[in-house]
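Dear colleague,

I am passing on the structure we discussed, and I would be glad if you could look through it before reading my notes.

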Amino acid sequence: MVTSTQSALWAPNAPPDGGMFNAGEIVEVEGRPGEWELMKPGPGPGVWTVESARLEDRVSAKVSVSALQRLADAPHIRRGDLVMQRYPEQERAAVVGAVVRLGQWVALKSYTLRDGGVCRALDSVDRLEVVTAEQLAAAIRLDVVHGTHVGRIVQAVVTARAGQFRVVCRCAPGAGEICHNGRKVTWCPSLDSAHQLWDWHVNVGSAA
């Protein structure tokens, strides 16, 4: 029988450990080989449901909080995180599924293609940065066209370039960066300066 006092101390989805651990963390479990992913608290106080942290043949178990041990090199991302590769020109985000150790920490990530299909891929955790849907929605993505020039102005979301703008044109060699004063101008500090670079490129630069 559960008393009213016990009910106040425990809710079905409340952390059973006072918030010490969180769902999605990879930990060791005393007395069990390998590494384990925390899936959900319970059932009951002081218990976590865990799954073996591997891609296939995962095993589920219920273990005591006291048996959980943090990893010194635990990955910084977890299941359900929205992530981007840690390159400033990256535009696509993916959702993290399983996180496992394959020599190094890797994440099984997935994203939806334009045709509605789902692409899944493994990626090194070291190359991934957690982002939010709000960050992605706020990032500016502009297609720009002038005569035969077809280009884009894209705002970076991650790395030290976050908030800056990349200007590219199909007529430019390589990755499409525009060359100004003898050097490639990959990033502009503001949207206005990005538009100014584009205007210079289509009106002056391409004729130089």
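Below is what was found, first for the chain as a whole and then for two residues.

Please keep in mind that this is a predicted model. The protein chain has 3 helices and 16 strands, and buried residues make up 39% of its 208 residues. Of the contacts in the chain with a separation of 6 or more, 42% are accounted for by residues 24 or more positions apart. The accessible surface of the protein chain comes to about 12000 Å², and carbon and sulfur atoms contribute 52% of that area.

The lysine I looked at is Lys109, which is found in strand 8, covering residues 104-112. Because its relative accessible area is 11%, and buried means under 20%, Lys109 counts as buried. Leaving aside residues up to four places away in sequence, Lys109 touches Gln85, Ala94, Val95 and Val96, and also Cys119, Arg120, Ala121, Asp123 and Leu128.

The other residue is Val63, which lies in strand 4, made up of residues 60-64. Its relative accessibility is 6%, so Val63 is buried as well. With residues up to four places away in sequence again not counted, Val63 touches Val29, Arg32, Gly46, Val47, Trp48, Val50 and Leu68.

How values were computed
Residues are numbered from 1 along each chain as its sequence is written. This is a predicted model: local features need pLDDT of at least 70, side-chain atom pairs count only at pLDDT 80 or more; totals for chains, interfaces and linings use all residues. Side-chain values use heavy atoms; hydrogens and water are left out. Helices (H or I, at least four residues) and strands (E, at least two) are DSSP runs, numbered from the N terminus. Buried means under 20% relative accessible area, exposed over 50%, partly exposed in between (1.4 Å probe, protein chains only). Contact means heavy atoms within 4.5 Å. Accessible areas come from the Shrake-Rupley method with a 1.4 Å probe; for residues, only the protein chains shown count as cover.
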